[in-house]
Amino acid sequence: MVTHPRPAPVVGVLALQGGVAEHAEMLERLGARVVLVRRERDFAGADGPRLDALVLPGGESSTQDRLLRIFDLADGLRGVIAEGLPVLGTCAGLVLLAREVRDAAPGQRSFGVLDVAVRRNAIGPQTASRELELAVDAEDVVGQSDGRVRAAVIRAPEVVSVGPGARTICRAGGRALGATSAPVSADDDAGAGGSRGAQLRLGAVTGIAVHPELTGDPAFHRALLAQVR
Ligand SMILES: NC(=O)CC[C@H](N)C(=O)O
């Protein structure tokens, strides 16, 4: 019998502004093919989506939001995310995903696909960026690490409230620093923002306030790729 190797998953990295290269390097190291997303044709073709997953990098969310609209990408990208494309947003990427953005720049919008409110620039001035250890609840991320992930914080947002469509997945220093869309599951008895009872697994949309791509900790990226394979 002839077996064919599975094709590499194709992962888009939004490449309008911010920390694109570190995500691209980590994803390639993990065996993905990376597409830098700058135009609509990078993520949508005549026969449907071209990507298996998407990463929204850190940077400056208000600038990224402006560029998304200037290049006419906002509605199309929001559409493929709403249709279920697995997404990982880091820092500014979390802000772009959130339903509500507090301390937003004037006129700043977000995709509104993750049922959380975030407060921008809640943690750490730029000059005091540092590394921290995250306690992670999501089983599929924990399975890629020992439940602790090292990541950098750089003027990070904080998750200040979690609606019924999302769950908190990681914390540090008493703050919620990440959330995922609540997967639809009959036996999921977890309450909003919690993980009581049922195992907490990543939904299609995940946002974290920190940067594991800067410390080189691959747990979240591996979990994203596992959603594709
Ligand atoms: N490291 C980051 O991505 C910073 C996020 C930035 N403070 C913002 O609001 O967009």
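## Confidence in the model

A word on confidence before the details: this is a predicted model. Its pLDDT averages 90 over the chain, and 91% of the residues score at least 70. The scores for the model as a whole are an ipTM of 0.96 and a pTM of 0.91.

## The sheet

Let us turn to the strands. Nine is the count here: an open sheet of 9 strands runs in the order β2-β1-β5-β6-β14-β13-β12-β9-β10, and its pairing is mixed. At the edges stand β2 (33–37) and β10 (148–153); each has a single partner strand, so one side of each is left without a neighbour in the sheet. From one strand to the next, the twist averages 25 degrees.

Helix α1 (residues 20–29) packs on this sheet, where it touches β1, β2, β5 (53–56) and β6 (87–90). The direction of α1 makes about 170 degrees with that of β1.

Now back to the opening pair. Strands of a sheet pair through backbone hydrogen bonds, in either a parallel or an antiparallel way. For β12 and β13 (residues 175–181) the sense is antiparallel, with 6 bridges.

I169 is also part of β12, which covers residues 166–172. With 0% relative accessibility, I169 counts as buried, because the cut-off for buried is under 20%. Leaving aside neighbours within four places in sequence, the contacts of I169 include A135, V136, D137 and A138, as well as G178, A179 and T180. Among the others are L200, L202, T206, I208 and F220. As for L14, 155 residues away from I169 along the chain, the C-alpha atoms of the two are separated by 23 Å.

## Helix α2

Which residues of α2 are buried? In this helix (residues 61–70) they are S61, S62, Q64, D65 and L68. Viewed down the axis of α2, these buried residues fall within an arc of 160 degrees, so they line one face of the helix. R66 and I70, on the other side of α2, are exposed.

The buried residues of α2 pack against two strands and two helices: β1 (10–14), β8 (114–123), α3 (74–82) and α4 (92–97). Just after α2, D72 takes a positive phi of about 60 degrees.

Key. Residues numbered from 1 in each chain as written. Predicted model: local features only at pLDDT ≥ 70, side-chain atom pairs only at ≥ 80, totals over all residues. Heavy atoms only, no water. Buried < 20%, exposed > 50% of the residue type's maximum accessible area, 1.4 Å probe, protein only. Helix = DSSP H or I, 4+ residues; strand = E, 2+ residues; numbered from the N terminus. Arc of directions from axis to C-beta. Contact = heavy atoms within 4.5 Å. Pairing = 2+ DSSP bridges. Axes fitted to C-alpha atoms, helices over the stretch in contact; angles between N-to-C directions. pLDDT = per-residue confidence, 0-100.
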